[in-house]
Amino acid sequence: MRALFPDQMEPPKNILRLGLPNGSLQEPTLELLKRAGFHVVVSSRSYRPTVDDKQLELRLLRAQEIGRYVDHGFLDCGITGKDWIAENKADIEVLAEFNYSRATSNATRWVLVVPEDSPIQSVKDLEGKRIATEAVGLTQTYLEKNGVKAEVEFSWGATEVKVPELVDAIVDITETGSSLRANKLRIVDTLMESYPQFVSSKAAFQDEWKRQKMETLVLLLKGALEARDKVGLKMNVPSSALKEVVASLPAERSPTISQLANADWVAVETVIAESVVREIIPRLKSLGAEGIVEYPLNKVIP
Ligand SMILES: Nc1ncnc2c1ncn2[C@@H]1O[C@H](COP(=O)(O)OP(=O)(O)OP(=O)(O)O)[C@@H](O)[C@H]1O
Ligand SMILES: O=P(O)(O)OC[C@H]1O[C@H](OP(=O)(O)OP(=O)(O)O)[C@H](O)[C@@H]1O
Ligand SMILES: [Mg+2]
């Protein structure tokens, strides 16, 4: 028999529409999703990437616009910089912050910058001057807070090239500092630090299914980020050296210790920062550890 209301007979179509930033944050964001277990394919010139999760629908958008589209409901949620969320004054929920930038795990900083030989030493010296920036709102708020009247003009990018010929100072992003060095610029002040955030619309946050789906996504993304600079380390240790071995491991979390068939030996397993491994392994070896194995991690969920 045909259903009277076929639409209502179908199970609810549970889809979460997620916006991802193109530009500076695209590559590290897709890399993080991959580590979290989602394989995203972006075909050239397409802004609708595919993903191996039928409950997700992806859109690639400018980082500057994601907050606004989440606010208006075109997207249920998105990942974009805290800076642009603030600049857009988007009325949305922030579910998580992730500590990565374009190239490093340092925060992106919006800085007030002048040529190395400029007489400007502090924000007060900007009175009556001209400043170019992509973040006009952020810059105006900063000047007002400091009681300084200056002209702020919008820049479409390549802002570094505008000082000193077109403007006296700029407010721009710095991460590694290489653009500032290349253009012989000096930082006068930091206006804001920014990391990517996972944001949701108010409506999606109220929807039980969407909220759970988003929370699972955040858990996996955080786990992947947490695992990024860490490795697993396991080894066999003579019982007599156990105390010293444990003391020489970083105290982040307590190691797992299991008894081996031979009562004189124990197995020790732990998770540590990859950066300290090269100092720790020789020390463990000299304390009598054997069969030391270092392995990569996909996720670390606390
Ligand atoms: N090294 C970086 N340079 C620029 N933006 C960065 C960097 N690292 C992280 N970001 C973040 O990327 C987001 C987008 O930056 P931006 O507004 O400069 O656009 P873009 O993606 O770089 O595109 P465009 O080519 O137009 O500059 C911001 O939220 C910013 O904080
Ligand atoms: O400290 P760094 O690691 O050098 O990163 C900062 C640079 O990256 C961004 O430029 P982008 O490539 O986005 O070009 P744009 O100037 O056109 O925005 C930003 O505007 C700086 O120029
Ligand atoms: Mg840029």
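This passage goes through the overall form of a predicted protein model and the site of its ligand.

Local features in this predicted model need pLDDT of at least 70 and side-chain atom pairs count only at pLDDT 80 or more, while totals for chains, interfaces and linings use all residues. Residues are numbered from 1 along each chain as its sequence is written, chains are lettered from A and ligands numbered from 1 in the order in which they are written, and side-chain values use heavy atoms, with hydrogens and water left out.

The protein chain comes to ten helices and 16 strands (DSSP runs numbered from the N terminus; helices are H or I with at least four residues, strands E with at least two). Its C-alpha trace spans about 80 × 80 × 35 Å along the principal axes.

As for the ligand, 15 residues surround ligand 1, and the closest are Ser24, Arg62, Asp83, Trp84 and Glu175 (a residue counts if one of its heavy atoms lies within 4 Å). Polar contacts here are pairs of N or O atoms within 3.5 Å. One ligand oxygen is 2.5 Å from a side-chain N or O atom of Asp83, and an oxygen of ligand 1 is 2.9 Å from a side-chain N or O atom of Trp84. A nitrogen of ligand 1, in turn, is 3.1 Å from a polar backbone atom of Arg102. Helix H3 (63-72) and helix H4 (82-87) are the elements that give two or more residues to the shell around ligand 1.

Notes
Polar contact = N/O pair within 3.5 Å; in protein donor to acceptor, adjacent residues only side chain to side chain.
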